[in-house]
Amino acid sequence: MSCYRPDDAATATPAEGAGALDHNPYALMQPRMPARPPKEARNGARVIANHVEPQGVYLPNNNVLTPYMRSPEYVQMSTAAAITLGIMKGRMYRCSCTRCLNLLLTYPEGCRANCAYCGLARHREAERDYADRNFIRVDWPAVPLAQTIDIVARDGAATPFHRMCISMITHPRSDEDTVTVLKAWTDRIDPSTVPVSILSNPTTMQREDVQRLRDLGADIFTVALDAATPEIFDRTRGKGVQSPHSWRHYWQILEDARDIFGPQKFGAHIIVGMGETEHDTLSLIQRLVDMGGHSHMFCFFPEKGSLMDHLPATPRDQWRRVQLARYLIDYRGVRVDQMRFDGEGRVIDFGIPTGELDDVIDQGVAFRTSGCPGKVAEDVSACDRPYGDSPPSDIASYPFQPNRGDIRKIRRQLRIVPKKAAPAPDGPT
Ligand code: SF4
């Protein structure tokens, strides 16, 4: 079996977490309490009062008056998607484009939730207008929906995008506007050319909303659980930070999605390193697989301006162990109960023979970004937006196929020395 010693000092890499810790423990990962914004900054009041007319694409700029932009006429998209779409200039380290066009609903009032790790959270109202907030480490330009659809429809089968994803936020208009964006998209773009995923906001949804999105042609439905346990959910997205989300309701919508979208067509987002154990995360992943779904996993990164920006990023050894084990559960039929864990819930045995584990590590797919599939392979995500959970200098989720040098680094982080000379993928090191 594939045993190894997590405390092997001879091959250890420095911990990214707190001091010498090789994981982010629950006691450490306490978010700050949100401050109450002044009345004149609440609910997008500044933007609504100024009512500046938008002039096409808006690139986030905290030094100018933010235009009044509202979905469904406007959507925001990641910097990577804007570069790939050709509406923004820029280059991405070791990537030419992203395969997923994520369209984020936008309103001057912003998201009404207060999730502790999120740059879009409500408590930032005093500091930045909604459309100017950083989210998952980058700016999100606002673009007219019609212009976005025109470009993708014009490119037809030559589009670089393998998938489009409508990302909902917590707002009273979110359900209705998601339907409008989905209809506008499928009116012009064949869902078999660019299938649509929904990154849902369960707090404002009921079962019939899930059904409606399926009936209108959505391909995959995901729920951003983000937290791996009910305690962490409550602390980071619920009462702990004056936020409206409930673990129970998120699970209700996830189970509705299982019933309505069917096997392999639903999933949940999980952030690793917010205080849960590796066993917690992998048990959740097993539960999703047993339901017929998938997990999409991200490494915790302290987002600037968020209520957790004072906390350490997930140490790479914790992250790599969970990444590898998650891949084995999701795509190789290994079960969490075949794996072994130490007293702190860390993986000490991945449950497969050493040679097989070596092969999986060397193939490298386990360490790529995870998300809904694209057109390459079932286990290769379309959602390869680069550097959403780490800086390029210390990559957590690889937005491309890791090369030999990357695999060597991953092995050092995992502290797993190859037991045989295995060929690694070609490519410059
Ligand atoms: S609901 Fe989503 S967008 Fe809103 S604060 Fe929470 S994580 Fe951020």
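Helices here are DSSP runs of H or I with at least four residues, strands are runs of E with at least two, and both are numbered from the N terminus. With that in place, on to the model.

This is a predicted model, in which local features need pLDDT of at least 70, side-chain atom pairs count only at pLDDT 80 or more, and totals for chains, interfaces and linings use all residues. Residues are numbered from 1 along each chain as its sequence is written, and side-chain values use heavy atoms, with hydrogens and water left out.

I start with the backbone. His51 sits in the loop between α1 and β1. Its phi is near 45°, a positive value in a residue other than glycine. His51 is partly exposed, at a relative accessible area of 42%; buried means under 20%, exposed over 50%, and partly exposed in between, with a 1.4 Å probe and protein chains only. The loop between α1 (45-50) and β1 (74-77) also holds Pro72. A cis peptide bond links Ser71 to Pro72, with omega about 10°.

Gln264 is not a glycine either, and its phi is positive, about 70°. This residue lies in the loop between α7 (247-261) and β7 (266-272). Its relative accessible area is 41%, so Gln264 counts as partly exposed.

Next, helix α6, residues 230-237. Which of its residues are buried? They are Ile232, Phe233, Arg235, Thr236 and Arg237. Their cover includes β6 (220-226) and α7, where contact means heavy atoms within 4.5 Å.

Arg237 comes up again at the ligand. Around the ligand are Cys111, Ala113, Cys115, Cys118, Leu120, Ala121, Thr170, Arg237 and His245, each with a heavy atom within 4 Å of it. By class, that shell has 6 nonpolar, 2 polar and 1 charged residues. Nonpolar covers Ala, Val, Leu, Ile, Met, Phe, Trp, Tyr, Cys and Pro; charged covers Asp, Glu, Lys and Arg; the others, Gly among them, are polar.

The ligand takes up the space of the largest cavity: more than half of its atoms lie within 2 Å of the grid points. On a 1 Å grid over the protein atoms alone, a cavity is a set of points where a 1.4 Å probe fits but cannot get out, while a pocket is an open set with protein on both sides within 12 Å along at least five of seven lines; lining residues have an atom within 4 Å of a point.

Last, the largest pocket, with a volume of about 180 Å³. It is lined by 16 residues, and the closest to its centre are Cys97, Arg99, Arg368, Asp384 and Pro399. The lining divides into 7 nonpolar, 4 polar and 5 charged residues.

Technical notes:
Points joined across faces, edges and corners; volume = space filled by probe spheres on them.
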